[in-house]
Amino acid sequence: MRFLKTPLNVIGALVCVILLASISCTHDDDVVKVEGCTDPTADNYDPKATVDDGSCTYGADDFEKADGIEGGKYYDKFFASSGTQWSTPSDPSVNIDDITDFGDFYRCKQCHGWDLLGRAGAYNGRAPNTTRPNVSFVNLKTYVQSATNQELFDKIKKEGGRPVDPALTADGTNGEGDGHPDYGTIFTDEQIWDIVKFLKTEVIDIDILYDFTTQGSYPDGTISYSNIGKGGNADNGSTYYNDRGCGNCHGADGTNLIMGGRTLGKFLRDKPYEVHHKTKFGQLGSPMGPTATTDQEMKDLYLLLTDPVLFPTESPSVTDLDALKTATPPVIDGVVDAMWDDARVLETTTEVPDPGDDVFQGYVGNSNDVKLRALYDDDNIYFLAEWADTRKDLNRQTWYFDPGTSR
Ligand code: HEC
Ligand code: HEC
């Protein structure tokens, strides 16, 4: 029994155990070593540590504090006047006009796409021109999934990357304009962390919203979409659309604002890769701010907007009545058959004219709001007229053709 023969050692061991329960101690020389992170600037700095074990981590605090919604705006168009906190380049020697005059060379989305897929996604047919760069070959989506926060931060900041240089961007087809910029000269570290947080936590993955196939390769490729709004619920989408006030600006059927020639329904059906971003992060430079939206709500909205009856492709016209060819003629029985849904509506107000000879005596100047639609087949043209009437009256006057307003 060694302990009994050497009582001093036993006492030494007990002192160690009592005083330093959690710390290693050695019998041989009684030196105390505490392993941990010894760098006071690290997130997990341990003031008790005496030996650095390589476990220091950095950036968690910055990531924690970052604002991913703000980061999403920066991804779009950080220099847009309203809605972002970016106002000047972080490097005072950088001329802000050199950024804004050639803005598309600095917008993440121009090179990496709204779907983060670069050339492998919606932008595989988006050739460069004098005002926009080549789309990047990088697949940002898979990179973001595999990179640590710190790696992502370093890649975005890219010290020594393409400088802000007016000569470089003067010719939009100049290859160097395609390079990832040195964002250290444009953003503060906090702003870059906002972008990291956006990419890690706020991006809506397009895979949950639609399917697509691409044909051909950049820049001559094409893309087609299917299953838009998969997994969504259109009734919930309708609730979302109303509750968040989308209709206040876009109209109940999405036809009030025409965006690049598109109603909201058409915009979704043509550009499903973009709507999720604009909805969640807002349309910078316009009155439309960000709208907090979950993945499920976005699916619901997408499914709703695919409906061409509720969200038509054409806004109602106020001047022209287009007749649509129909394979089956409508039944003229006072019921509006389904084939009318696709015909463009002409919304107009009629006013009873005064052609002379007291033809419309008593009615001159009366006005009515009317909706007209027209269909035709090989033999006939059909008109559908809808107007509000206070009482049902089946007496009709003959049609009157007004040469004054004919076209
Ligand atoms: C003018 C085009 C352009 C712009 C604008 C641009 N990038 Fe890039 N980016 C590239 C190219 C090209 C690469 C690949 C080569 C490289 O790393 O420079 C790249 C690489 C990256 C990488 C590393 C990916 C990898 O696989 O290593 C990340 C992350 C990234 N970009 C994010 C962003 C973000 C975020 C923005 C906006 C703040 C942005 N990029 C703006 C062109 C661009
Ligand atoms: C305060 C008014 C307002 C509200 C509310 C609003 N929008 Fe917008 N929205 C706009 C304006 C203005 C534009 C820009 C129109 C243009 O580009 O000409 C726009 C543009 C868009 C675009 C196209 C962006 C682009 O790239 O051109 C989409 C998609 C969109 N809105 C969807 C929505 C959805 C979904 C909602 C509800 C969550 C909504 N908007 C709420 C005013 C609004």
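This is a predicted model: local features need pLDDT of at least 70, side-chain atom pairs count only at pLDDT 80 or more; totals for chains, interfaces and linings use all residues.
Visitor: Where do I start with the fold: how many helices and strands does the protein chain have?

Guide: Count the elements, then look at burial and contacts. Here the protein chain has 15 helices and ten strands. Buried residues account for 26% of its 407 residues. As for contacts between residues at least 6 apart in sequence, 57% of them join residues at least 24 apart.

Visitor: Why does Ile228 count as partly exposed?

Guide: Look at how many C-beta atoms surround it. Ile228 has 19 other C-beta atoms within 10 Å, and a residue needs 20 or more to be buried, so Ile228 is classed as partly exposed.

Visitor: And which residues does Ile228 touch, leaving out those up to four places away in sequence?

Guide: Ile228 touches Leu209, Tyr210, Pro272, Tyr302 and Thr306. Take Thr306: it is 78 residues from Ile228 along the chain, yet their C-alpha atoms are separated by 7.1 Å.

Visitor: On to the ligand. Which residues come nearest to ligand 2?

Guide: Start with the closest residues, then ask which elements supply the shell. Of the 20 residues around ligand 2, the nearest are Cys246, Cys249, Lys278, Ser286 and Met288. At least two shell residues come from each of α12 (246–250), α13 (264–270) and α14 (272–281).

Visitor: How do the residues of that shell divide into nonpolar, polar and charged?

Guide: The shell around ligand 2 has ten nonpolar residues, seven polar and three charged.

Technical notes. Residues are numbered from 1 along each chain as its sequence is written. Chains are lettered from A and ligands numbered from 1 in the order in which they are written. A residue is near a molecule or strand if its C-beta atom, placed from the backbone, lies within 6 Å of it. Helices (H or I, at least four residues) and strands (E, at least two) are DSSP runs, numbered from the N terminus. Ala, Val, Leu, Ile, Met, Phe, Trp, Tyr, Cys and Pro count as nonpolar, Asp, Glu, Lys and Arg as charged, and the others, Gly among them, as polar. A residue is buried if 20 or more other C-beta atoms lie within 10 Å of its own, exposed if 12 or fewer, and partly exposed in between; C-beta atoms are placed from the backbone. Two residues are in contact if their C-beta atoms, placed from the backbone, lie within 7 Å.
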